[in-house]
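Here are my notes for your first look at this protein. Keep the viewer open and follow each point in turn.

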Amino acid sequence: MTAHASAPATAPITEHTYVNPVPYADGAVHTAPDPFVIRCRSLYYCYATDEHGVLVSTSPDLVHWTSHGYCYTEPGRRNFWAPSVILINGVFHMYFSNMPEDETDTHTEIMRVAVSRDPLGPFAKRAELFDTFAIDSQVVYGDDGRLYLLYADNQVTGLSDDRPGTSVMIDRLVTPFEREGRPRPLITPTMDEEIFARNRFGDGRDWHTVEGATYFTYRDRAFITYSANAYEHEDYFVGYSHAPLPADRTEAHIDGLDWTKQLNGSGFDPLLIRSPRVEGTGHNSIVRAPNAVDDWIVYHGRNADDELYVGTEQRVMRIDPLYYAENGLDTPGPTADAQDAPLAGTVHDDFADGLGPDWTVVSGAAATASPASDDPVLVADGESSFMAVSGEPSATRVVDVWAKAPVTPLGARFGIVVRYADDLNLTKVEIDSGRGLIAVVDVIGGVASERVIRSGFAGLDLNAWHEYRVERRYCRLDVSIDGRAFASCTISDDPGRTGLFAVRTAAGFAAYASTEHVNLWGARLRDLGREIRTDERLVIGEGVRPRGVRPASITLDRPLDGNRFVLDFASHADRGQTLIAVGGYRMSITAGGATLMHGGEPLDAAATPERLREIGGAVRRDRLGRAMLTVRVEAVGGVMRMHVRGRTWRMPLEDADARVRIVLDRTCLTGYARTSIVPERHPEP
């Protein structure tokens with residue numbers, strides 16, 4: 001073994017790292033209770049609770065933060081709780097609760113809405129959403145195009161004789177400033193770990209608290225994280241509910257999904273809870289890393305070694321990666337040692353110096369509008385047809401960019417280059433204001449075809465900044481705008497470079513990221529054959545499995561070094577076994593867990609996350625009753641790391657060209673994801 005073997009299993013494997021709590025530029029300790037983080041262009045913005053107003057800070061990478069003080073204050077009010085922000089057509093809408101400064105009862109907290117065109121504020125109050133107690137907002141656009149408000153109040157379970165307390169609710173918004181007024185409960189108290197105060201009313205009833213909801217999706221599932229209990233208590237935690245999504249995402253009405261609470265009284269396995277070094281972990285938001293692929297959880301906590309002073313604010317911002325495993329959520333948090341920082345794109349550019357060296361200008365020109373700005377903008381020459389591409393040719397990429405375009409009497413045309421080989425072989429996603437449509441233009445051998453994937457923009461102001469994202473999976477293309485799934489279609493499966501274009505339109509572009517990535521599950525597993533090598537006959541049926549009863553062997557086509565693979569396995573029979581081999585390492589996976597061997601000797605793993613309370617590792621099963629297990633394996637610079645349900649191994653990668661080999665023995669592969677975790681290196685001139 002090399003020296004790498006002696007490093008802790010949780011030690012970083014990349015060169016960019018961070019340590020919680022995240023630091024601020026001035027070196028001071030800044031509290032950030034209830035951190036709500038959004039990304040706009042090249043910066044992340046964190047909005048946080050404070051006694052005297054709403055706090056805001058910024059970061060280019062989720063790790064290094066700068067405090068900007070208050071973005072909203074209001075005379076005669078205090079306790080500015082749990083702000084959340086959503087960008088709608090260039091206007092930042094902030095939802096928060098506060099109370100009269102001469103009140104002592106926190107149930108006088110009223111939810112308000114304030115707006116600003118600058119994410120740093122100052123925000124100006126526009127409306128009140130409630131005339132009774134309501135806190136902990138999140139406003140989201142569903143894929144159905146509707147605006148939803150998630151919040152917490154006492155209306156449904158406050159008078160319960162069984163488990164009275166605060167619940168997570170949902171209501172639709174008619175406008176950003178008006179509720180529909182048909183609230184429904186989403187998450188209600190069900191277990192003792194959610195108790196906020198014992199015998200609160202003197203009649204034996206314990207008060208429960210379930211609050212701080214955050215909605216997001218992954219693959220074919222929707223999730224809502226929430227916090228429960230009380231910050232000062234040892235069992236304060238983050239849990240989640242989940243629901244299957246319909247095949248047609250436009251039919252995904254958040255308030256109509258079939259939600260299941262992961263913690264429902266029968267077991268206790270929260271997503272986040274205290275460790276020996278971190279306490280008070282809760283009230284999170286979810287945001288994507290700069291690579292536009294990885295999700296991160298942002299939450300507050302405090303150092304366990306610090307004495308708790310009730311009434312003194314001690315909650316600081318912490319971040320950790322959020323993973324998806326066994327149809328649920330997973331995180332190594334709360335971490336307190338050096339960790340791998342959020343990844344940038346395989347190719348990324350903030351355009352501070354115009355187009356960087358990774359770019360090839362195909363036609364026209366573009367230049368940075370404000371080189372001195374912290375959030376620069378690349379503006380295309382509106383007199384010509386601009387196109388530039390970057391990166392290596394690929395058929396599996398996620399491209400994410402912020403863009404806007406001045407709509408003139410001649411219209412506006414701009415978008416993302418999905419595939420560029422040459423002028424006769426390319427694919428573009430084009431936003432055309434003149435015709436009021438989004439189209440995919442596929443040019444194969446000089447013959448162009450156009451498919452309209454969306455007619456009309458349904459309130460989308462093209463003059464305002466929006467986040468445009470495309471995910472290419474060989475011949476399939478998914479398009480989303482501002483996090484909403486807009487359309488899917490087929491394209492040529494030939495590889496190509498990705499980039500940007502504008503047709504005689506002075507379009508502005510910011511924060512470009514292109515990441516080598518593919519994510520397969522369900523029917524998408526038909527593309528697995530493009531990712532593996534095998535001499536066996538495999539079939540798809542609730543996963544990829546051997547055709548007969550004999551085991552089947554497959555080898556992943558891409559080298560492990562520089563990549564992360566997430567592999568989901570299922571077994572109808574508890575005696576089913578999956579074997580994973582990388583060089584001299586052998587992992588045996590059964591329904592009960594995993595064992596890693598090297599040279600015939602078992603290797604010890606670290607417990608991740610590290611918890612004070614012992615949590616049982618019961619077998620997790622899917623809707624078919626199959627035992628599920630997810631393996632995450634990644635390597636950078638000769639160091640490999642593997643993770644399986646709360647256990648992590650870190651060891652040297654003995655062969656830089658090693659591939660992952662898998663044997664399926666009465667098991668099947670139900671999910672596969674590959675992500676590049678190293679940037680492409682542009683050759684020196």
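Which residue forms a salt bridge with R112?

1. The partner is E74, with the closest N and O atoms 2.2 Å apart. A salt bridge here is a side-chain nitrogen of Lys or Arg within 4 Å of a carboxyl oxygen of Asp or Glu. The structure holds 51 of these salt bridges.

2. The model is predicted: local features need pLDDT of at least 70, side-chain atom pairs count only at pLDDT 80 or more, and totals for chains, interfaces and linings use all residues. Residues are numbered from 1 along each chain as its sequence is written, and side-chain values use heavy atoms, with hydrogens and water left out.

3. Look next at R674 and E531. Their salt bridge has its closest N and O atoms 2.8 Å apart. R674 lies in strand β55 and E531 in the loop between β39 and β40, so the pair ties together parts 143 residues apart in sequence. Strands are DSSP runs (E, at least two residues), numbered from the N terminus.

4. R674 is buried, at 0% relative accessible area. E531 is buried too, at 1%. Buried means under 20% relative accessible area, exposed over 50%, partly exposed in between (1.4 Å probe, protein chains only).

5. Salt bridges that share partners join R397, E516, E531, R558, R674 and E680 into one network.

6. R397 also meets S514: a polar contact of 3.2 Å joins their side chains. A polar contact is a pair of N or O atoms within 3.5 Å; within protein, one must be able to donate a hydrogen and the other to accept it, and residues adjacent in sequence count only if both atoms are side-chain atoms.

Definitions and conventions:
Helix = DSSP H or I, 4+ residues; strand = E, 2+ residues; numbered from the N terminus.
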